[in-house]
There are 2 protein chains.
Amino acid sequence: MKQEKKVALSTQGYRGTRDFYPKDMRLLTSLYQKIHIIMHSFGYEEYSGPFLEFLDLYAAKTSEEIVREQLYSLKDKGDRTLAIRPEMTPTLARMVAAKSKELPKPIRWYSIPTCMRFERPQRGRLREFNQLNVDVLGGNVLDEDIEILLTIINIFESLGASFDKFRIYINHRGLVDDFFSQVLKINQSTNAPLLRLLDKKDKLSEDEFTTECLKLDLLTDQIEQINSFLSADIDDLCKLFVENNEHVKILKDRIDIVNKISGSECVQFSPSITRGFDYYTGIVFEVFDMNPENRRALFGGGRYDNLVSAFGCDSLPGVGYGVSDVALLNFMETHKLTPELKRTTDVCVLRFQETDRMHQLELAQNLRKHELSVESSITNIKFGKQIAYANRICAKSVAFRGEDEIKNKTFCVKFLDKEQQIVYPYSSEGFEDFKKQLF
Amino acid sequence: MKQEKKVALSTQGYRGTRDFYPKDMRLLTSLYQKIHIIMHSFGYEEYSGPFLEFLDLYAAKTSEEIVREQLYSLKDKGDRTLAIRPEMTPTLARMVAAKSKELPKPIRWYSIPTCMRFERPQRGRLREFNQLNVDVLGGNVLDEDIEILLTIINIFESLGASFDKFRIYINHRGLVDDFFSQVLKINQSTNAPLLRLLDKKDKLSEDEFTTECLKLDLLTDQIEQINSFLSADIDDLCKLFVENNEHVKILKDRIDIVNKISGSECVQFSPSITRGFDYYTGIVFEVFDMNPENRRALFGGGRYDNLVSAFGCDSLPGVGYGVSDVALLNFMETHKLTPELKRTTDVCVLRFQETDRMHQLELAQNLRKHELSVESSITNIKFGKQIAYANRICAKSVAFRGEDEIKNKTFCVKFLDKEQQIVYPYSSEGFEDFKKQLF
């Protein structure tokens, strides 16, 4: 019988997703570990939610661009319309709303969900990414805003990034609204589309931006005003308005306090930060990599007042941000902050021949009970090659029991970095002594 | 202008998915932590892969039932047909195949991916679950089989489960094939459907099972033979075959060695274990909860010889298993092994009034630098209520700086369990002293 020739399956995954081999996974885990430590240091608790939600949740909460262009949606076999989460905030809102009365306030939560958006994959941006989400709700507006900005600064510190490597640009939605209504004096229906246009301005040429403005029926004068607003510093801005603008004061307070507490100039005002999400109502901010080769937003976030009101709850204002692992890993690489992480096997348990198996397995299990990372040989390669393997994976030591050791109730250890060989009693004390010697 | 009344969004997530509030997340994290420790103790490295893969990958690798009935599939906006992973093994196969030459052998890998299957949610089974996957490839068949079974036993030990709480039932696909061809003497085309029927036999009544057998053109004699095969013990089995059956010996070896090394009778032969996945070729096993109220399979796994050959690679045999967090959490609950896990805030930094903010923020940041978990008050409640909050979240202590402390360059700490109040110098030494006192 002739066998049919089958076409081989591709080993390529779907574009914009990643395979994490152990080496990659060690790096991701070490990044997560740093994040967990920082979040814990601020008393933030981890939460998590479903990968799939009803499409309606995103239709109600997420930016129009994402829902229209970037959502992975599907129907389940019961014809329910679902979507893969493009961001975590709608789930956060749903979860908080579900228990809004009973949850102790303030709510300090974080999560690192995997999210997906249909985008063109590029440096620092993929279709599948893990996005750290940090939010605080139910406290003072000023205190929350400060705390959320401090968590960002502490994350960068824990990555080993000095203050000159990144910058937090901050703005206030209310200030933009004031500018629209008091200076531009535009019709309120133009607010949302103009806000979205400002959010993507840095992707457009000057001409393209002007064309888009004209489409919104803006006059040449107004376009000029927009351009001067976007390049204004915080003191210039005050002059734009008839009276002292309360949102300028709000911004100044946050910038001054966070910079003073962190001993830096990390936080700066930028009128061009508007953020694409519709739910922001207060401060909005983005964090940029200061490396000229990588001038892109890493973190993005802001304050929202009405996150849970769509669920019929009393309003519970808060502030939060998201940052993807892709952007953070990219930042670390750009600034040579990526740690080198090796396997951390404490001991390889060897055997002279297959018939030693029972002694080998028993020794390995005993060492595991003493919290060591133990690889037991499971191939029939010769003793010397087993040591070579242990060296290749950077194991700290090898251990074995030959005839003598079995007779004398001992086990023998060779420390690979020291070329030192020690015989220990085959007992709890012996295992503990060996462990002490290892560390 | 009258406001339109909007229908409130539902706070219910999609059925069969879970919301992990911080309390739930602490439990999940502590389970994961135990798993990471056990896997590390065997030298297994963590890997991860995409949540979405091309549908073809599952069509080629996964059980027919899953692909036909349980897959969440979708098209992306570029019309590519994708599916949410129902299991990790196809991704493992793809990743190993992509680097089959360069990966050092043996490959000892594990992962805890989120997977989805469209099933009726029930106790111990949801639509969205996190499935621990453990696999070893490229070693000796016997050594690998033993090691993989030992990892299961060690996981149960780390959960605090004694040996009487669970049982590993093991069988061999080759033995089932021998029974089909040498005893039943069925046509080879009946193998696959009969195997699948045996896999779901425990969900059928005796009559239903007989009906299904008759549909496969089996005779009454053959059905009787199947029933006696399924209730046979390992020594009975030998009598069924003309010659000593090699697969019986393979099973006996594994059962003897693993039980001896673990000092238990955890591993037992069961001819009714067949597993639904088509890729198994050697031992197959399922782990059962021994509690009569919860007699269901927790772990399932087996040996596969041709996992990567569909990718055009040389064969690389291995053995592995999967177990969902839903099943493990359920097991822990059934046996009262669920730990009680509280928030672990070390210190709440209080303030007498809002104008103390700068001193409060500075103290909090300083304590964070000394690796403490610090919650800084961000509401305007009175001092006494701030202490009450610290008590409610089970913080170990509260710290603050009043006028005296600021003047004297100190900070004051109240240890909440001891009703003890201590003043420390406001310096690195003071922070360290406080930390020592805390632990």
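1. Start with the sheet in chain A. Five strands form an open sheet in the order β14-β13-β15-β16-β17, with mixed pairing. The edges are β14 (374-376) and β17 (420-425) of chain A. Each has a single partner strand, so one side of each is left without a neighbour in the sheet. From one strand to the next, the twist averages 25 degrees. Bear in mind that this is a predicted model.

2. One pairing in that sheet can be followed to the residue. Strand β16 of chain A, residues 410-415, pairs with β17(A) over 6 bridges, in the antiparallel sense. Within this pairing, Lys414(A) has Gln421(A) of β17(A) as its bridge partner.

3. Next, a helix pair in chain A. α5(A) packs against helix α11 (residues 246-262) of chain A at an angle of about 45 degrees, and the axes are 10 Å apart. That angle makes α5(A) oblique to α11(A). The crossing of α5(A) past α11(A) is right-handed. From α5(A), the contact uses Val141(A), Leu142(A), Asp145(A), Ile146(A), Leu149(A), Leu150(A) and Ile153(A). They meet Asp253(A), Arg254(A), Ile257(A), Val258(A), Ile261(A) and Ser262(A) of α11(A). By class, the contact of α5(A) with α11(A) has 9 nonpolar, 1 polar and 3 charged residues.

4. Helix α6 (residues 173-184) and helix α7 (residues 188-199) of chain B pack at about 120 degrees, with their axes 12 Å apart. α6(B) and α7(B) are therefore oblique to each other. α6(B) passes α7(B) in a right-handed crossing. On the α6(B) side, the contact is made by Arg173(B), Val176(B), Asp177(B), Phe180(B) and Leu184(B). On the α7(B) side stand Asn191(B), Leu194(B), Leu195(B) and Leu198(B). Sorted by class, the contact of α6(B) with α7(B) has 6 nonpolar, 1 polar and 2 charged residues.

5. Check the cis peptides. In chain A, a cis peptide bond joins Lys105(A) and Pro106(A), with omega about -5 degrees. Pro106(A) lies in the loop between α4 (89-98) and β5 (107-111) of chain A. In chain B, a cis peptide bond joins Lys105(B) and Pro106(B), and omega is about -5 degrees. Pro106(B) is found in the loop between α4 (89-98) and β5 (107-111) of chain B.

6. Gly138(A) ties several of these points together. Gly138(A) sits in the loop between β7 (128-137) and α5 (141-158) of chain A. Its relative accessible area is 25%, so Gly138(A) is partly exposed. Among the residues that Gly138(A) touches are Lys105(A) and Pro106(A), the two joined by the cis bond in chain A. Glu144(A), Leu316(A) and Pro317(A) are also touched by Gly138(A), as is Thr379(B). Gln225(A) is 87 residues from Gly138(A) in sequence and 37 Å away in space, C-alpha to C-alpha.

7. Glu371(A) is not a glycine, yet has a positive phi of about 60 degrees. Glu371(A) is in the loop between α13 (357-369) and β14 of chain A. With a relative accessible area of 63%, Glu371(A) is exposed. Lys336(B) is likewise not a glycine, and has a positive phi of about 55 degrees. The loop that holds Lys336(B) runs between α12 (325-334) and β13 (347-349) of chain B. Lys336(B) counts as exposed, at 74% relative accessibility.

Methods
Residues numbered from 1 in each chain as written. Chains lettered and ligands numbered in written order. Predicted model: local features only at pLDDT ≥ 70, side-chain atom pairs only at ≥ 80, totals over all residues. Heavy atoms only, no water. Helix = DSSP H or I, 4+ residues; strand = E, 2+ residues; numbered from the N terminus. Buried < 20%, exposed > 50% of the residue type's maximum accessible area, 1.4 Å probe, protein only. Contact = heavy atoms within 4.5 Å. Pairing = 2+ DSSP bridges. Axes fitted to C-alpha atoms, helices over the stretch in contact; angles between N-to-C directions. Parallel < 35°, antiparallel > 145°, perpendicular 65-115°, else oblique. Left-handed = near helix turned anticlockwise from the far one by under 90°. Nonpolar A, V, L, I, M, F, W, Y, C, P; charged D, E, K, R; others polar. Lists of a residue's contacts leave out its neighbours within four places in sequence.
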